[in-house]
Amino acid sequence: MDLRNGGNDASAHGVLLLNSNGMDVFYRGDSLTYKVIGGVFDLYFFSGGSPLAVVDQYTALIGRPAPMPYWAFGFHQCRWGYHNLSVVEEVVASYKKAQIPLDVIWNDDDHMDGHKDFTLNPKNYPHPKLSAFLDKIHSLGMKYIVIIDPGIGVNNTYGTYTRGLSNDVFIKYDGKPFLAQVWPGAVNFPDFLNPKTAEWWADEIRRFHALAPVDGLWIDMNEASNFCNGLCTIPQDRICPNGTGPGWICCLDCKNMTKTRWDDPPYKINASGTQVPIGYKTIATSAYHYNGVLEYDAHSLYGFSQSVATHEGLLRLEGKRPFILTRSTFVGSGRYAAHWTGDNKGTWDDLRYSISTMLNFGIFGVPMVGSDICGFYPAPTEELCNRWIELGAFYPFSRDHANFYSPRQELYQWKSVAISARNALGMRYKLLPYLYTLSYEAHVSGAPIARPLFFTFTNETKLYGLSKQFLLGKSLMVSPVLHRNKTELKVLFPPGTWYNLFDMTKVVVSKASHYLSLDAPLHVINVHLYQNAIIPMQRGGLITKEARKTPFTLVVSFPLGEKSGEAKGNLYLDDDELPDMKLGNGRSSYVEFYATVSEGAVKVWSGVEESKFALEKGLIVEKVVVLGLEGIGSAVEVEVDGNTVEGSFGISSTGHEYHGEKLEEGADKMKNVMVEVKGLELPVGKKFVISWKMGTKS
């Protein structure tokens, strides 16, 4: 995507080179060069002219982002190294004891029998005990997800392998399944370009789900990753692997493959950060897929094709909305899966990088994205983990994950981190309806959930290179601490009024983009709500199943100091087990909220499409918070579906003025009054109007 501003008139456009072959891409500031070593040259141009329009046009071509279940926006906990089921049970219980939200518990490959996909370790994860555990957490509304790697262990007693062999589903070399090594030892890789493979894969998912009713699948190592290089055979004189040392050391007997131009092309791309053979630590590029398609041409499609097959397999189970997390992606992967950014390190550098990678994937059409909170490895410091959960609580996909060799880093392991987690995740769970509505917008228009500030403020050139702050939707700005030993933060505020979401009486009004130094003690993350917005919030909770049942609060933000103003917002609700995310099926509702202040009169009202679902759920609005007004006026008048509602509606105001914040450039700090209308019981599924007389601050 290119965004340029000529004379305060910003315009964006996009270009896509749709090609699955190896390539180098060079960006030199004023030019972009592709060096591609094969395949089809399909160039697409997207005229924009806004960043959102470019992403809309792009995802209309490649496929809209997949619908996500509501629970996927809860908090997730994982670790490679939960050696047995009792450890997993202890983790779940400890989160509850610490009063930290948790929706999904994950297993890396610890649950497997010998690292083999679609199996259970009979000693550490015995089927009867795992079934009882899943019954328990499912009754609470919690979910369970496990990892699946594409490498299928070569073992004649392993049903998944023997069924795959009989169905001829593996990638070939010289007429035989290509041999590689991953965690089980010697493996073959399924060929997901083969139609028979998708059928076999779906059947393996079905068989495993009958054994362990998981709620989603995590497909890892699907670049595909290989611990060996070249053409390999299983050694006859030793056990491989032998169970000692790191599992990623190649122990097969291998020889280099350079006899074809597919293994040793004349132009050497920089595929691994160094000049190594093109098939380094992956499938040999002269191996072939269904119909003779070379790995040389199809390598970049491997993770994508596995995502498609996995999505179809999960969809067939019970007709429910699938959840898939994939490491490897290609153009269009967001149509089927969420993404995490791989094995990021527990360092301050990777904390910072996580923002730009998240924003990039939103632009790529993969809006459900996040990084391993606190880092996969090495061990994070306590301060880093505090700051990471403060940021990670606002990733679209929010998960803590750690390495086998790292110390335990669940959020309750440190008292200080637990405080930060309760604070940041507590706010996330209040914002769940806002996040879920953004996911609906992503599904219908491609709009990223997390996006750069220039998506909203396209004429503000100061924001074009900003990667330390981001927006959730159009209206919420997240400004995390990204450096050690910092308790003050320089935040760049675009023009307008910004309200602190954790203390809505705090406000910043900027006439032009400027930096402001804000307090940011250890347990504080700065999140600000922009003017002209209405965001739906709920009371929150420790699990999405309960949080989504609680009453709503509508937060209305007018420009501070203006005598007239307007605000808008929306809310999407549905049965999130349905595969489709759309209106018109009787299991969804869509509400638009509006507010105006003019000549001393304040009015907040709603319009409803497909009201049936919201009414069946009994959801209500219990409170309206209005920001930017000067005080209480006349009594509140309420109408529902055109009928006046009598009641003792409480209205109150709170205001405060804050001093001592250091301005880097010219700006104004002003007193803000927060007006609350309480005691409401407005059905979300019915049109309502709330009005009263009150002027704005002048």
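**View 1. Counting bonded cysteines along the chain, the disulfides pair up as 1-4, 2-6, 3-5, 7-8.** The search of the whole structure turns up 4 disulfides, a disulfide being a pair of cysteine sulfur atoms within 2.5 Å. Keep in mind that this is a predicted model, where local features need pLDDT of at least 70, side-chain atom pairs count only at pLDDT 80 or more, and totals for chains, interfaces and linings use all residues. Residues are numbered from 1 along each chain as its sequence is written, and side-chain values use heavy atoms, with hydrogens and water left out.

**View 2. Here C228 is bonded to C250, S to S 2.0 Å.** C228 sits in the loop between β14 (216-219) and β15 (231-233), and C250 in the loop between β15 and β16 (253-255), so the bond ties together parts 22 residues apart in sequence. Strands (E, at least two residues) and helices (H or I, at least four) are DSSP runs, numbered from the N terminus. C228 is buried at 1% relative accessibility, while C250 is partly exposed at 32%. Buried means under 20% relative accessible area, exposed over 50%, and partly exposed in between (1.4 Å probe, protein chains only).

**View 3. C374 and C385 make another disulfide, S to S 1.9 Å.** The torsion about the S-S bond is about 85 degrees, so this one is right-handed. Both ends are tucked away: C374 is buried at 0% relative accessibility, and C385 is buried at 0% too.

**View 4. C78 is buried, at 1% relative accessibility.**
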